Amino acid sequence: MLKAILPVRSLLIAIFLLMAGGGFLNTLVALRLERAGSGALAIGLVGTAYFAGLTLGSVRVPALVGRIGHIRAFAAFVTLLSADTLAYALHTNPVFWGALRFLDGLCLAGIYVCVESWLNERAEPDRRGMVLAGYMIMLYGGQAAGQFLIRLGAGGPAVPLLVGSILISLAAIPVLLTRIAAPETGDFAPLPFRELYQTSPLGMVGAGLTGVMLGAFYALGAVFARRLGMDLSQTTLFMSVVILGGVVLQWPLGWLSDRIDRRKVIVLAFAGTLAAALAIALTAQAGMLLLGLGALFGGLSFALYPLCAAHTNDHLVPEKRVAASGGLVLVYSLGAAAGPATGSLAVSMTGASGLFLFIAACASAALSFALLRQAKSDPVPAHLQESYVGLPRTSPLAASLNPLAPETSAAPDESGQTGSRH
């Protein structure tokens, strides 16, 4: 794996710093808005603004990157994100912060598009899977580590924002100094939703409902923890444990789904997410039990999107896999934009536990649909299933990192060497 990631080390270091510096903002924004007296609905709408910016950016940004180039686009998005992070210190207002979160989403969409298209261009076909694994480790590892920046608030409300802005700014350095040539930007069109549903109803519905659940969690998970009585340290630990748990279980579940009817594993994951969410909702106090349930919830729920993507790929010819995976990312993002607002209504009506009761209801609906599809259609034989690949839910271009996608060219790496063209 080391040989695979060394040629793209500057990109991986950059994404880790970016996630460490900006990945905690969902948690920080929710905590500070609640402390300022904002209700769950206002906090949920601010969370929706972020995912709306991410969704819009995923659709519009690739054309912009193609016009101005990857390095200029990356520098512009990082600069704006760094400034945006500092702007939270100016005033605590839900409308103002909602606008900032929308800009955050746009900036991160642009950064994801730049980094993921770069990684795909530089990764040799036989090492693409290892590059993807390294990317996901840096992505979620940075996000989990960044949660602990919130504790720096004891030194002053602006300190976490200052440190976050510094880390985001530093992320530009390894990219701007790299000797990697910027890739050419080609046309990319996600598979239309109608065709995507006809190809795999379970894949599309499952990805959308997973987005609703995780969007609600990212926006309101910290609010749940605080209302449960957790202090700041316990809240950041809870959020980090859920994110890290999401990394740990993806590959074991993927390995199992390659050997049996993949729909059974999807059913198992949705059923487990339902059970874990209900158990968390019924847990009345902080402690090791809640952390364990949080890790289980993260492990199962984070695995749902790549499982749904793998199930969709089982029904596609190779030439359509990138477009289909790109369509699934957009479906997930639309679900994630809807999740915070609808989840906040459940919190307003039933209290803190309403968040995980809402997530459980979404998991129940997805589980019912999965069982219905299992009864209505025949399974893809295990020996004809494509291999499971853990994919991030970042931008449609992440799909091009899938080792099962059609091979692309390998260009000069950071040492100046050139791989063979495929």
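Helix α3 gives the most to the lining of the second largest pocket, with 5 residues, where helices are DSSP runs of H or I of at least four residues, strands are runs of E of at least two, and both are numbered from the N terminus. The model is predicted, so that local features need pLDDT of at least 70 and side-chain atom pairs count only at pLDDT 80 or more, whereas totals for chains, interfaces and linings use all residues. Residues are numbered from 1 along each chain as its sequence is written, and side-chain values use heavy atoms, with hydrogens and water left out.

The second largest pocket holds about 220 Å³ of space. A pocket is found on a 1 Å grid over the protein atoms alone, as an open set of points with protein on both sides within 12 Å along at least five of seven lines, while a cavity is a set of points where a 1.4 Å probe fits but cannot get out; lining residues have an atom within 4 Å of a point. Grid points are joined across faces, edges and corners, and a volume is the space filled by probe spheres set on the points. The lining of this pocket includes Leu28, Leu31, Arg32, Glu34 and Arg35, together with Ile150, Arg151, Arg226 and Leu232 among others. By class, the lining of the second largest pocket divides into 6 nonpolar, 1 polar and 5 charged residues, with Ala, Val, Leu, Ile, Met, Phe, Trp, Tyr, Cys and Pro counted as nonpolar, Asp, Glu, Lys and Arg as charged, and the others, Gly among them, as polar.

One of these lining residues, Leu31, is found in helix α3 and is buried, with a relative accessible area of 9%; buried means under 20% relative accessible area, exposed over 50%, and partly exposed in between, for a 1.4 Å probe and protein chains only. Leaving aside residues up to four places away in sequence, Leu31 touches Ile150, Ala222, Arg226, Leu232 and Thr235, a contact being heavy atoms within 4.5 Å. Leu31 and Phe224 are 193 residues apart in sequence, yet their C-alpha atoms lie 9.8 Å apart in space.

Of the 20 residues that line the largest cavity, Tyr50, Leu54, Tyr112, Gln143 and Tyr218 are the closest to its centre. Two or more lining residues come from each of α2 (9–22), α3 (25–35), α4 (40–68), α6 (94–122) and α7 (128–146), and α6 gives the most, with 4 residues. The lining of the largest cavity has 12 nonpolar, 5 polar and 3 charged residues.

The second largest cavity contains about 50 Å³ of space, and its lining is formed by Asn26, Val29, Ala30, Ile43, Val46, Gly47, Arg101 and Ala219. Here the elements that give two or more residues are α3 and α4, and the lining divides into 5 nonpolar, 2 polar and 1 charged.

An α-helix has 3.6 residues a turn, so residues three or four places apart point the same way.

The last topic is charge pairing. A search of the whole structure finds 6 salt bridges, each being a side-chain nitrogen of Lys or Arg within 4 Å of a carboxyl oxygen of Asp or Glu. Asp258, Arg262 and Asp314 are linked in a network of salt bridges. In one of its pairs, the closest N and O atoms of Asp258 and Arg262 are 3.2 Å apart; Asp258 is partly exposed, with a relative accessible area of 22%, whereas Arg262 counts as buried at 0%. Asp314 also forms a salt bridge with Arg262, with the closest N and O atoms 2.9 Å apart. This pair links distant parts of the chain, 52 residues apart, with Asp314 in the loop between α14 (288–313) and α15 (321–350) and Arg262 in helix α13 (residues 262–282). Both Asp314 and Arg262 are buried. A further salt bridge joins the side chains of Asp261 and Arg263, at 3.2 Å from N to O; Asp261 is buried, with a relative accessible area of 14%, and Arg263 counts as buried at 5%.
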